[in-house]
Amino acid sequence: MNTGNFQGYKGHALSLLQKFNARVWGQVKIESTRGVFSGTILPRSENDDDLHIVLKISTGYNIGINVLTITQIEELGYKKAHYQIPEKEFPYSDSKPNVKLFGTGGTIASRLDYRTGAVIPAFSPGELYGAVPELADICNITTEKLFAVFSENMGPEEYKKLAIAIGKEIENGIDGIIIGHGTDTLHHTAAALTYMIQNPPIPIVLVGSQRSSDRPSSDAALNLMHASYTAGHSDIAEVSVCMFGPTSDEYGFLHRGTRVRKMHSSYRSTFRTIGDIPIAKVTRNSVELLQPHYKHRRQDKKADILPYFDERISLVYYYPNMKPDIIESLVDNGYKGIVIAGTGLGHVNKPLYPAIDKAAKQGVSIFMTVQTLWGYVHMNVYETGRDLQAKGVVPTQNMLPEVAYIKLGWALGQTSDMEEVRNIMLTPINDDITEREPYNGYLIYQGGVPEVEEFIKKFHK
Amino acid sequence: MTRKDATQSDYDRVGFKAGLEVHQQLKTKKKLFCNCPAGVYHKNEEYDAEIIRHMRPTLSELGEYDGTALMEFKTRKNIIYRIKNETTCTYEIDDTPPFPINREALNIALEISLLSKFNIVGEVHITRKQYLDGSIPTGFQRTAILGVEGEIQLKNKKIRLIQLSIEEDACREISDIGHIRTYKTDRLGIPLIETVTHPDFSNPDEVKEGAEYIRYLNRSTGKVRVGSGAGREDVNVSCRNGSRVEIKGVSHIKLIPELTHNEVFRQFALLEIRDKLHKRFSREENRSDWGIRFQHINPVEFPFLKQLKQAVENQTVCAAGINIPGFRGILSHFTQPGQTFANELSDRLKVIACIEKPNMLHSEQFDFIENEDIFQIISRVLSSENDDAQLLIWGLKEDIPTAIETIEERCRMAFDGVPNESRKSFMDGTTIFERVLPGADRMYPDTDSPPIPIEDKDIQKFKDELPKDIHKRYTQLKKWDIPEDTHNYILRNNLCPLLEKIIKDLDVNPKFAGTLFGHTLKHIEGQLKPSPGFEVEKVYHFLSYLNKNELDLEISKSAMLMIYKYPEKDFDSILKILKYRKINRQNIVDKISDLKREFKQVHHSKNATAQADWIMGKLRPLALGNMNLKALREAVEKTNLSSQGNIRT
């Protein structure tokens with residue numbers, strides 16, 4: 001990687017810049033077979049080709065000049081840009097609750113990185129206050145960056161560190177916790193923290209954004225305000241996910257950490273509670289309960305921190321004609337637990353039976369969930385289901401596949417006794433299994449239906 | 001000074017300077033970054049859902065906040081988008097990242113860039129240009145430069161062009177009242193190009209000529225949209241020592257001269273105000289210490305003011321009196337037709353503090369006769385001095401602090417002269433404050449889109465098939481002896497290629513063909529509603545039909561109305577409607593003698609012209625299509641009663 005004077009440039013482009021002694025941030029006049037171009041040389045994104053030089057012209061636009069057309073570069077000046085979120089001291093107030101914000105790498109407030117075109121998060125309280133001054137009206141915020149990883153790179157080590165760090169803050173008497181997190185695996189982390197931090201006395205709120213905060217229409221600021229209010233003021237002492245309710249800038253939902261899932265690749269309102277309703281509706285100055293039952297805030301500073309995880313687990317999404325070697329290879333590679341997302345009520349095809357049988361006999365714990373996401377596993381309706389149970393596959397009721405995956409890792413982190421693992425898995429924690437599914441726990445309205453359209457027109461989407 | 005009276009030396013005296021940003025929608029099937037149809041529009045009430053958003057300013061690449069961005073944030077608008085499924089998908093409302101750029105659009109833009117003699121970039125970088133007014137739900141417009149430094153040749157001078165960009169069109173505003181602004185998203189995302197000129201224009205008419213030229217150039221490709229709103233101009237104007245002010249969204253080129261004239265003299269007036277203020281506050285420290293004083297006022301105490309009556313009825317409204325030191329005579333200082341400096345304050349109250357008009361009264365109001373007590377009270381309370389001016393403003397309680405800030409800010413700017421701003425235009429040639437002028441700081445790279453290389457072979461492909469330059473077309477029209485009053489019509493409708501075809505293929509007299517469009521068709525279009533099925537190519541086919549049937553072309557002038565009105569009718573039927581019947585020329589000429597005799601019997605006029613007119617009237621229906629009318633008239637004039645009418649023409 002090239003830093004210094006030629007950030008991001010390589011190959012042809014790099015040698016041309018070196019030949020003419022022109023640097024990144026140099027103000028240049030470039031002569032080419034396509035005419036003369038003037039502007040400031042910008043760093044190049046490392047994944048782009050080596051045939052172009054990026055220029056910011058005086059009107060603020062960027063353009064690329066093909067190096068093969070360039071006949072002359074003349075550096076006339078030099079002005080390096082430096083990014084800075086306007087940092088202002090966060091105004092602390094005794095009358096406001098104290099909230100700790102843990103950073104994991106997601107962007108809440110941010111600035112742009114030229115080289116990659118990526119976004120650099122703003123994180124210190126001062127930076128946050130500079131970007132979202134409304135936060136000071138809600139609570140006192142302190143921050144700690146635990147790691148800087150993309151959401152998809154969050155894993156067991158991070159879950160454990162996070163749980164321990166949160167445990168310490170609880171001991172210190174903090175009023176609420178916010179975790180800034182990328183959205184892709186937000187629900188995996190939410191499940192992991194639910195299992196690893198049990199009976200917390202305060203709200204633990206995971207939050208992210210679907211539109212990065214480098215854009216004016218970002219949902220980040222509002223999500224952060226919602227999460228701050230929830231963490232600082234709400235009575236809900238659970239691990240929850242706080243993200244946009246509708247795609248409009250109106251309110252957020254507080255989803256139980258064990259029942260939430262990302263359901264759209266890019267929508268703001270991507271997180272939904274599955275098989276139940278959200279705990280609450282949140283604005284920047286209110287929490288309106290939707291669920292009558294939840295764990296209440298306590299004054300003590302106690303929580304059970306259980307940072308255990310065995311990584312030798314897998315989630316297998318079944319498809320027709322799946323070959324047994326998929327299961328066999330897991331067993332051969334030393335996996336200790338498998339969660340299957342089966343079809344319909346929880347089924348896989350017959351050719352897998354021997355492999356499953358063998359796996360169970362070798363001490364691999366196997367659990368069944370449904371890829372329909374909504375509904376219960378029901379393995380007594382058809383013979384296939386009964387066969388599978390006989391071979392040791394354990395149905396997990398209406399536990400979500402990703403949640404079951406996390407729970408299995410957590411359970412195996414505590415014991416290798418299959419019976420005990422089974423007990424842990426089937427003992428409901430924070431509604432990861434619910435006794436009943438309310439009728440409004442499954443609502444996917446179908447567009448085009450007149451009454452649905454009427455409803456949609458009436459309320460902000 | 002009115003525009004009629006102004007001469008070039010007046011514009012030179014005030015230092016008139018102007019540049020153009022010409023926007024032109026491209027004729028593509030789909031939008032620029034998604035697969036929604038382009039060019040389908042809805043009425044305000046036709047929508048399927050509403051979405052509400054707010055816009056927050058973000059840092060630019062260079063680490064700075066943009067001025068406009070901060071102002072827009074201050075206004076705290078609730079932005080509501082009305083979306084219709086037919087024309088809007090999740091991309092427009094910023095719930096899905098962009099799809100790859102529309103190649104059809106990119107190619108059209110490239111062709112126009114070449115026509116405008118731009119240096120074509122090696123790689124197109126999609127850039128985000130921040131717009132916090134809500135006109136784009138993302139908060140930025142995706143836009144990219146295709147070329148820099150081009151030129152166009154006007155009649156008397158060359159105008160240099162700065163750049164050409166391709167971009168997505170914005171939403172259309174439905175309303176903007178108080179803190180709620182509503183848009184519809186049908187137009188959002190339609191491919192658009194923007195041609196930006198250097199500030200090379202030195203008088204209002206030149207700006208108009210430039211705008212026309214660029215519009216004709218764009219249309220000469222035949223690949224751009226026409227019709228209301230498809231082409232729009234922003235005009236940048238300044239006077240010497242003034243500032244760049246952008247007049248936004250001028251949809252009629254004919255308004256440009258009046259608007260630019262008024263703007264340059266508005267700036268001149270603001271400079272006079274500056275000089276007056278500098279005289280009053282001659283010492284630097286007096287100017288830097290300058291500030292307004294204000295006092296909140298309970299509207300209930302002034303029930304006699306009808307403007308405050310509503311305030312009294314509505315408990316949420318509150319008022320404030322403001323003293324502006326040294327501004328006596330300034331508030332009533334003329335700025336543009338029918339407006340004074342006080343309008344500059346009132347306009348900003350509406351836009352920045354979101355207080356609907358009427359939102360203030362001032363001590364120099366021409367029409368303020370109701371009660372001057374209020375300003376005596378304000379003067380007393382705020383210990384005003386003789387040279388001061390007073391304001392009374394009112395609005396929602398939470399908007400008053402911003403309102404007071406806004407007043408002070410604008411008055412402070414008066415010491416510096418002309419604020420950089422963008423202004424909205426009105427049909428009467430005046431403008432109104434729209435927002436602070438954004439700078440280059442609002443641009444940042446679009447991290448969702450990779451750069452697109454433009455190869456030499458891509459360029460060559462277009463270079464070989466470019467339409468003729470507009471200035472060459474002007475010359476061509478002159479050479480054809482086509483009357484000058486038709487030129488704009490012909491170029492505006494990109495008729496040159498068709499004319500060329502008519503003249504070449506059908507051997508039609510150029511002047512006849514030119515006026516057939518520039519006079520006859522133009523007149524018909526002015527009289528009738530647009531005819532959806534009508535296409536100009538139809539005229540070519542008709543002329544060719546006349547040629548083939550050996551009919552005289554003159555009949556096309558009468559037929560044009562029918563062709564326009566009933567584009568679905570075949571040419572035989574059109575001739576039937578015109579009561580055309582094939583008659584031998586000689587038969588027509590032979591009738592002249594009889595008619596002359598008849599004329600003598602019924603009329604006693606000795607006037608030869610009257611006689612000829614009368615006869616032409618009788619013969620015209622017969623002659624139309626069968627023989628040239630001019631030739632017929634000649635025959636009429638030449639025919640003597642003695643000769644037996646065997647004149648050949």
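**Entry 1: terms and ground rules**

I begin with handedness: a crossing is left-handed if the near helix is turned anticlockwise from the far one by less than a right angle, and right-handed if clockwise. Helices (H or I, at least four residues) and strands (E, at least two) are DSSP runs, numbered from the N terminus. I note that this is a predicted model, where local features need pLDDT of at least 70 and side-chain atom pairs count only at pLDDT 80 or more, while totals for chains, interfaces and linings use all residues. Residues are numbered from 1 along each chain as its sequence is written, chains are lettered from A and ligands numbered from 1 in the order in which they are written, and side-chain values use heavy atoms, with hydrogens and water left out.

**Entry 2: two helices of chain A**

I looked at α6(A), residues 325-332, and α7(A), residues 353-361, whose axes come within 8 Å and cross at roughly 20 degrees. Axes here are lines fitted to C-alpha atoms, for helices over the stretch in contact, and angles run from 0 to 180 degrees between N-to-C directions. Angles under 35 degrees count as roughly parallel, over 145 as roughly antiparallel, 65 to 115 as roughly perpendicular and the rest as oblique. Therefore α6(A) and α7(A) are roughly parallel to each other. Their crossing is left-handed.

Which residues of α6(A) and α7(A) meet? I found A:Ile327, A:Glu328 and A:Val331 on α6(A), meeting A:Ala355, A:Ile356 and A:Ala359 on α7(A). By class, this contact of α6(A) with α7(A) has 5 nonpolar, no polar and 1 charged residues. For the classes, Ala, Val, Leu, Ile, Met, Phe, Trp, Tyr, Cys and Pro count as nonpolar, Asp, Glu, Lys and Arg as charged, and the others, Gly among them, as polar. Contact means heavy atoms within 4.5 Å.

**Entry 3: another pair in chain A**

Next I turned to α3(A), residues 156-171, and α4(A), residues 186-196; their axes come within 10 Å and cross at roughly 50 degrees. That makes α3(A) oblique to α4(A). The crossing of α3(A) and α4(A) is right-handed. On α3(A) the contact is made by A:Tyr159, A:Lys160, A:Leu162, A:Ala163 and A:Ile166, and on α4(A) by A:His188, A:Thr189, A:Ala192, A:Leu193 and A:Met196. I see 7 nonpolar, 2 polar and 1 charged residues in the contact of α3(A) with α4(A).

**Entry 4: a pair in chain B**

How do the axes of α3(B), residues 103-115, and α11(B), residues 456-463, cross? They come within 10 Å and cross at roughly 70 degrees. The helices α3(B) and α11(B) are therefore roughly perpendicular to each other. I listed B:Asn107, B:Leu110, B:Glu111 and B:Leu114 of α3(B) in contact with B:Ile459, B:Phe462 and B:Lys463 of α11(B). The classes in the contact of α3(B) with α11(B) are 4 nonpolar, 1 polar and 2 charged residues.

**Entry 5: the cores**

I then looked for nonpolar cores, meaning sets of buried Ala, Val, Leu, Ile, Met, Phe, Trp, Tyr and Cys residues joined through side-chain atoms within 4.5 Å. Buried means under 20% relative accessible area, exposed over 50%, partly exposed in between (1.4 Å probe, protein chains only). The largest nonpolar core has 181 residues, and those with the most contacts inside it include A:Ile53, A:Ile73, B:Ile166 and B:Phe327. Apart from it lies another core, of 50 residues, among them A:Tyr159, A:Ile170, A:Val241 and A:Phe367. Leaving out residues up to four places away in sequence, A:Ile73 touches neighbours including A:Leu16, A:Phe20, A:Val28 and A:Ile53.

**Entry 6: loops worth a look**

I found A:Asn199 in the loop between β11 (197-198) and β12 (204-207) of chain A. A:Asn199 has a positive phi of about 55 degrees although it is not a glycine, and at 36% relative accessibility it counts as partly exposed. A:Asp431 sits in the loop between α10 (418-426) and α11 (450-458) of chain A. Its phi is near 65 degrees, a positive value in a residue other than glycine, and A:Asp431 counts as partly exposed at 27% relative accessibility.

In chain B, the peptide bond from B:Lys357 to B:Pro358 is cis, with omega near -5 degrees. B:Pro358 is in the loop between α8 (341-352) and β18 (360-362) of chain B.

**Entry 7: chain B overall**

Of its 649 residues, 59% count as buried.
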